[in-house]
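Here is a friendly note to read alongside the model. Take the points in order, and keep the 3D view open as you go.

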Amino acid sequence: MMSESDQSYSLVILSKVDPERELPADIFLKIDQKYIRFRGRGDTIGAEKFDDFMQHGLEGIFVKDDDIMTFLDWVTFVQNEEVEALVAEVGEDTKEIAIGVAKVKEKVYETFFEQELNDEVVEQLQDQVAEFVSSIKKQPFSQQTIAALTKKNSTIADHSVNVANIAVYLAMVMGQAHQYVLENVYLGAILHDLGKAKSGLTESGVGDMRFSSQAMQNHPELSVQVIRKSKGVPDPVYKIILQHHEQWNGYGYPAGLEGEAIYEMAQIVSIANFFDNILFENRDKPRHEAWEIALKRVDHDKERFWAPKFFPRVLQALSKAKPA
Ligand SMILES: [Fe+2]
Ligand SMILES: [Fe+2]
């Protein structure tokens with residue numbers, strides 16, 4: 001029998017692995033030139049560990065060479081299945097959106113695993129976002145699509161994509177039709193919590209915008225710092241990121257901006273963020289129930305947090321999207 005050390009291993013990029021699925025083979029971490037078994041076949045990585053790996057920029061896990069083909073087939077299978085599940089739920093005409101979201105998601109996962117966002121990473125992400133936004137301008141999200149798209153919500157990367165999809169939906173509902181603005185909304189939403197991902201803060205307690213710590217209050221600025229190193233990110237994207245926890249009543253953070261001083265697209269992302277956080281907090285309940293709670297919470301807090309002009313339209317749009 002071969003000893004563990006005689007085995008050869010292949011690297012699998014972690015951003016391609018679904019943290020909630022049962023693994024088709026054992027996976028290993030490389031620590032001090034040794035391969036340490038981390039999870040067995042049939043185990044899952046788990047969202048918490050995955051966020052942890054993201055925070056530390058761990059690029060990959062290792063699989064035994066004997067298992068690599070099985071593993072890669074499984075990666076492709078899981079990706080296709082996600083697209084098919086969406087199409088099955090919402091209908092064949094969402095196929096393009098489903099594929100678009102899958103592509104965006106892959107790029108987002110890749111981005112979140114980067115230690116630093118250089119120009120190339122950001123450019124690729126921007127291209128992907130531009131392509132996706134032009135496709136949803138041609139064929140806007142149906143109401144069921146938005147519910148189906150936000151179903152997956154375990155890692156900070158999932159949350160970011162959910163917020164982007166909800167935000168762009170709301171921006172369009174509010175009559176925003178400019179490609180450039182919608183791209184910025186999408187990109188700003190994707191990157192809004194990057195600083196949180198990089199500092200290991202959790203999402204819990206954000207739903208009611210409680211100030212849980214100084215670190216939490218710093219995360220919008222931290223997100224901007226991570227991105228600043230790359231050129232070409234438009235100013236509105238920074239504004240969205242910096243202001244996604246500002247509140248209409250002036251009691252938000254980090255700057256305590258009030259009313260019209262807050263960029264309106266940052267407010268849209270703020271609603272989307274709030275909504276997705278409530279869905280996450282209620283993820284153990286049936287979907288329609290969690291959705292109902294999130295609607296009530298937005299309704300309850302709307303005067304404090306957001307511009308009056310968004311209501312009742314935003315709530316109507318979210319309410320129509322409620323899953324059955
Ligand atoms: Fe945040
Ligand atoms: Fe967030």
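1. Let us start with burial. A residue is called buried if 20 or more other C-beta atoms lie within 10 Å of its own, exposed if 12 or fewer do, and partly exposed in between, with C-beta atoms placed from the backbone. By that count, 42% of the 324 residues of the protein are buried.

2. A word on where this comes from. The model is predicted, so local features need pLDDT of at least 70 and side-chain atom pairs count only at pLDDT 80 or more, while totals for chains, interfaces and linings use all residues. Residues are numbered from 1 along each chain as its sequence is written, and chains are lettered from A and ligands numbered from 1 in the order in which they are written.

3. Now the overall form. The protein has 13 helices and four strands; these are DSSP runs numbered from the N terminus, with helices (H or I) of at least four residues and strands (E) of at least two. Along the principal axes, its C-alpha atoms fill a box of roughly 70 × 45 × 35 Å. The radius of gyration is 20 Å, which agrees with the value near 20 Å for a compact globule of 324 residues; that rule is 2.2 Å times the number of residues to the power 0.38, and the radius is taken over C-alpha atoms.

4. How do contacts span the sequence? Two residues are in contact if their C-beta atoms, placed from the backbone, lie within 7 Å. Among contacts between residues at least 6 apart in sequence, 71% join residues at least 24 apart.

5. Next, a helix pair. Two packed helices are described by the angle between their axes and the distance between the axes. The axes of α7 (residues 179–191) and α11 (residues 264–281) come within 10 Å and cross at roughly 45°. Here axes are lines fitted to C-alpha atoms, for helices over the stretch in contact, and angles run from 0 to 180 degrees between N-to-C directions. The two helices are therefore oblique to each other: under 35 degrees counts as roughly parallel, over 145 as roughly antiparallel, 65 to 115 as roughly perpendicular, and the rest as oblique.

6. Which residues of α7 and α11 meet? Val 181, Asn 184, Val 185, Gly 188 and Ala 189 in α7 meet Met 265, Ile 268, Val 269 and Ala 272 in α11. The residues of this contact divide into seven nonpolar, two polar and no charged. (Ala, Val, Leu, Ile, Met, Phe, Trp, Tyr, Cys and Pro count as nonpolar, Asp, Glu, Lys and Arg as charged, and the others, Gly among them, as polar.)

7. Helix α11 has another partner to look at. The axes of α10 (residues 235–243) and α11 come within 8 Å and cross at roughly 45°, which makes α10 oblique to α11. Pro 236, Lys 239, Ile 240 and Gln 243 in α10 meet Met 265, Ala 266 and Val 269 in α11; the residues of this contact are five nonpolar, one polar and one charged.

8. Finally, some backbone details. Most residues other than glycine have a negative phi, and most peptide bonds are trans. A cis peptide bond joins Tyr 253 and Pro 254, with omega about 5°, and Pro 254 sits in the loop between α10 and α11. In the loop between β2 (27–31) and β3 (34–39) you will find Asp 32, whose phi is positive, near 50°. Asp 32 is exposed, with 5 other C-beta atoms within 10 Å.
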